[in-house]
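Colleague: I am new to this entry. Please bring it up so that we may go through it together.

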Amino acid sequence: MALPEPIDPLFCPTETVLGLIGGKWKGMILWCLCRKTMRFNALQRMIPSISQRMLTKQLRELEDHGIIKRTVYAQVPPKVEYSLSAHGEALKPILDRLEDWARNYLLQRREEEQSPE
């Protein structure tokens with residue numbers, strides 16, 4: 001029986017998606033933007049432990065990957081809103097399923113820790 005060929009991480013779909021949306025803050029940012037369009041300060045209030053610099057960096061990366069869109073309104077003071085792009089909208093059902101999985105996982109882990117052995 002032949003061994004399977006090693007997986008090239010450059011062509012692994014799972015690695016691709018985790019590279020695009022993985023990390024400490026991107027999941028939380030996407031969770032917020034899946035619910036509604038938000039301005040920078042509103043996102044920062046929803047994720048108080050993220051620094052302004054890191055939020056800016058993460059938003060730029062998500063925008064560069066085409067997952068979110070940044071809309072600038074020509075007014076004084078300037079108004080900028082962040083929302084999901086078409087690619088981001090396509091991720092919503094997947095993110096919802098991940099959320100369901102995570103809730104079930106956490107509930108099961110809690111039950112396992114509380115049950116006497």
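Modeller: One convention first: Ala, Val, Leu, Ile, Met, Phe, Trp, Tyr, Cys and Pro count as nonpolar, Asp, Glu, Lys and Arg as charged, and the others, Gly among them, as polar. This is a predicted model, in which local features need pLDDT of at least 70 and side-chain atom pairs count only at pLDDT 80 or more, while totals for chains, interfaces and linings use all residues. Residues are numbered from 1 along each chain as its sequence is written, and side-chain values use heavy atoms, leaving out hydrogens and water.

Colleague: How many helices and strands are there in the chain?

Modeller: The chain has 5 helices and 3 strands, where helices (H or I, at least four residues) and strands (E, at least two) are DSSP runs numbered from the N terminus. Along the sequence they follow the pattern α-α-β-α-α-β-β-α.

Colleague: Is the chain spread out or compact?

Modeller: It is more spread out than a compact globule, because its radius of gyration is 18 Å, well over the 13 Å that the globule rule gives for 117 residues. The radius is taken over C-alpha atoms, and the rule is 2.2 Å times the number of residues to the power 0.38. Along the principal axes, the C-alpha atoms fill a box of roughly 65 × 45 × 25 Å. Of the 117 residues, 26% count as buried, that is, under 20% relative accessible area with a 1.4 Å probe, protein chains only.

Colleague: What is the order of the strands in the sheet?

Modeller: The open sheet of 3 strands has the order β1-β3-β2, with antiparallel pairing; two strands pair if DSSP finds at least two bridges between them. The edge strands are β1 and β2, each pairing on one side only.

Colleague: How many bridges join β2 to β3?

Modeller: There are 6, between β2 (residues 68-73) and β3, and V72 stands opposite V80 in β3. A hairpin of 5 residues connects β2 to β3. Strand β1 (residues 38-39) is joined to β3 by 2 bridges, with R39 partnered by E81 in β3.

Colleague: And is β3 mostly covered or uncovered?

Modeller: Strand β3 (residues 79-84) is mostly covered, with 5 of its 6 residues buried.

Colleague: Changing topic, what is the volume of the largest pocket?

Modeller: About 350 Å³. A pocket is an open set of points on a 1 Å grid over the protein atoms alone, with protein on both sides within 12 Å along at least five of seven lines, and lining residues have an atom within 4 Å of a point. The volume is the space filled by probe spheres set on the points, which are joined across faces, edges and corners.

Colleague: Which residues lie nearest its centre?

Modeller: Of the 15 lining residues, G27, M28, W31, L95 and L98 lie nearest the centre. The elements giving two or more residues to the lining are α1 (13-21), α2 (26-35) and α5 (86-114). The largest share, 6 residues, comes from α2. By class, the lining has 8 nonpolar, 3 polar and 4 charged residues.

Colleague: Where is L91 found?

Modeller: L91 is in helix α5, and at 11% relative accessibility it counts as buried. Leaving aside neighbours within four places in sequence, L91 is in contact with V17, I21 and I67, contact meaning heavy atoms within 4.5 Å.

Definitions and conventions. Buried < 20%, exposed > 50% of the residue type's maximum accessible area, 1.4 Å probe, protein only. 1 Å grid on protein atoms, 1.4 Å probe; cavity = no way out; pocket = protein on both sides within 12 Å on 5 of 7 lines; lining within 4 Å.
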